[in-house]
Amino acid sequence: MKSGAKTKATLDRALSRMGFASRTAACAGILKGTVSVNGRVVKDPARWVNLQQDRIAVRKVPLKPAAHRYYVLNKPKGVVTTHRDKLSRKTVYDFLPAGCGHISAVGRLDKNTSGLLLLTNDNDFANYLTSPQSGIPKTYLVKARGKITEQSLQQLRMGIELTDGPTLPAEAELTRVSDRNSWVQITLHEGRNRQVRRMFEAAGHVVLKLVRIRVGGLELGDFKPGELRSLTGSDLRKYFRYPKGQKEG
């Protein structure tokens, strides 16, 4: 890990970075008194620690940073992006291999959206992928109700005013049209909650089907629904221009 700000973190975030648990689960463990720093129990999740110098242990077992792992899943429709679902629905984490440690999805795809979803325990990579400064494009294939006009396409391309502010310009192309529905390929350079659906609704069209077909340079291609693949450091550089090329586990 590089020196500087990234060597320091609050205790809950440090446990998350080290692949032990989510910040929520880490907080719970800290408050129960199961975590020690340099041999002394700490019950304050906001306590700052130095990841290079401090000795962090859970139930007296020293923690070591988990090897970075990277996965891509073709998320099926109907699967939710959450670690625990109160309705006992299938989650994206059910597709991960046993013993992979704490892995989180990079962003979310809602229950009715399918397609490419990245999962990792590397917070730096997740932040890179979701940062607007990185400019990583995400492309979706949309089936929408009604005939979409050139005017509506221009709205999508120029940006649409949503409740959380105007969207950035997008690339939108009409790929097919029938008497009742239209198919559009749209590429975004930002990621907001249900953004594609909200953009189409603002343009007067209800989304009937939504599939994420590309993230950066990685395409859905022949991925089958529910298929999970591991990614390597060279994959990260190739598909997402990620410069660090950290070693994978």
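## A bridge between R197 and D110

The side chains of R197 and D110 meet in a salt bridge, with N and O 3.0 Å apart; such a bridge is a side-chain nitrogen of Lys or Arg within 4 Å of a carboxyl oxygen of Asp or Glu. Because R197 belongs to helix 5 (residues 195-202) while D110 sits in the loop between strand 8 (104-105) and strand 9 (113-120), the pair ties together parts that are 87 residues apart in sequence. R197 is buried at 9% relative accessibility, whereas D110, at 26%, is partly exposed (buried is under 20% relative accessible area, exposed over 50%, and partly exposed in between, with a 1.4 Å probe and protein chains only).

## How the model is read

This is a predicted model, in which local features need pLDDT of at least 70 and side-chain atom pairs count only at pLDDT 80 or more, while totals for chains, interfaces and linings use all residues. Residues are numbered from 1 along each chain as its sequence is written, and side-chain values use heavy atoms, leaving out hydrogens and water.

## Other salt bridges

The whole structure holds 11 salt bridges. In one of them R192 meets D164 at 2.8 Å, N to O, and salt bridges that share partners join D164, E190, R192 and R198 into one network. D85 pairs with R89, their closest N and O atoms being 2.8 Å apart; D85 is buried at 17% relative accessible area, and R89 is partly exposed at 33%.

How values were computed. Helix = DSSP H or I, 4+ residues; strand = E, 2+ residues; numbered from the N terminus.
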